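Please keep the sequence and the structure in view while reading.

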Amino acid sequence: KQLGKLIDIIGVKDLTKRDYLDRELLLFKVEVDEKNKSKAESILEKNHAVIIEQGSKSLTVQFTGSSDSVIKLMGELKQFKIKDIVRTGKIAMGIE
């Protein structure tokens with residue numbers, strides 16, 4: 001059903017020979033407990049990630065940033081179990 005909802009591509013721009021901004025969007029759930037929740041929240045706040053839902057055993061997080069910042073955040077969260085993750089991949093826009 002979802003494939004039937006895809007729209008046609010209208011245009012593509014090659015940004016490899018000019019300056020551009022790129023970002024990725026991540027939504028993920030990180031497993032926490034009472035002992036480590038504040039540490040996870042501190043890491044997320046430091047990296048400008050947004051907690052969009054708090055469950056009893058997990059935090060659902062939204063993060064937008066460069067590929068390097070995604071790698072950095074995931075590295076800092078290695079001590080926690082990531083229960084689920086959805087990642088857009090790079091999107092970009094040319095700088096005028």
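Leu 77 touches Phe 28, Ile 43, Leu 44 and Ile 82, leaving aside residues up to four places away in sequence; contact here means heavy atoms within 4.5 Å. The model is a predicted one, in which local features need pLDDT of at least 70 and side-chain atom pairs count only at pLDDT 80 or more, while totals for chains, interfaces and linings use all residues. Residues are numbered from 1 along each chain as its sequence is written, and side-chain values use heavy atoms, with hydrogens and water left out.

Leu 77 also belongs to the largest nonpolar core, which has 16 residues; Phe 28, Leu 44, Leu 73 and Leu 77 are the members that touch the most others. A nonpolar core is a set of buried Ala, Val, Leu, Ile, Met, Phe, Trp, Tyr and Cys residues joined through side-chain atoms within 4.5 Å. Buried means under 20% relative accessible area, exposed over 50%, and partly exposed in between (1.4 Å probe, protein chains only). Two or more residues of this core come from each of E1, H1, strand E3 (58-65) and H2. Helices (H or I, at least four residues) and strands (E, at least two) are DSSP runs, numbered from the N terminus. In soluble globular proteins, nonpolar side chains tend to be buried together.

How many salt bridges are there? The count comes to 4, a salt bridge being a side-chain nitrogen of Lys or Arg within 4 Å of a carboxyl oxygen of Asp or Glu.

In one of them, Arg 87 pairs with Glu 24, with 2.5 Å between the closest N and O atoms. This pair links distant parts of the chain, since Arg 87 lies in strand E4 (residues 82-87) and Glu 24 in strand E1, 63 residues apart. Glu 24 is buried at 5% relative accessible area, whereas Arg 87 is partly exposed at 45%.

Lys 46 sits in helix H1 (residues 37-46) and Glu 76 in helix H2 (residues 67-76), 30 residues apart. Salt bridges with shared partners join Lys 46, Lys 72 and Glu 76 into one network. Lys 46 is exposed, with a relative accessible area of 53%.

Arg 18 and Glu 96 form a further salt bridge, their closest N and O atoms 4.0 Å apart. Arg 18 is in the segment before strand E1 (20-31) and Glu 96 in the segment after strand E5 (91-94), 78 residues apart. Glu 96 is exposed at 88% relative accessibility, and Arg 18 is partly exposed at 35%.
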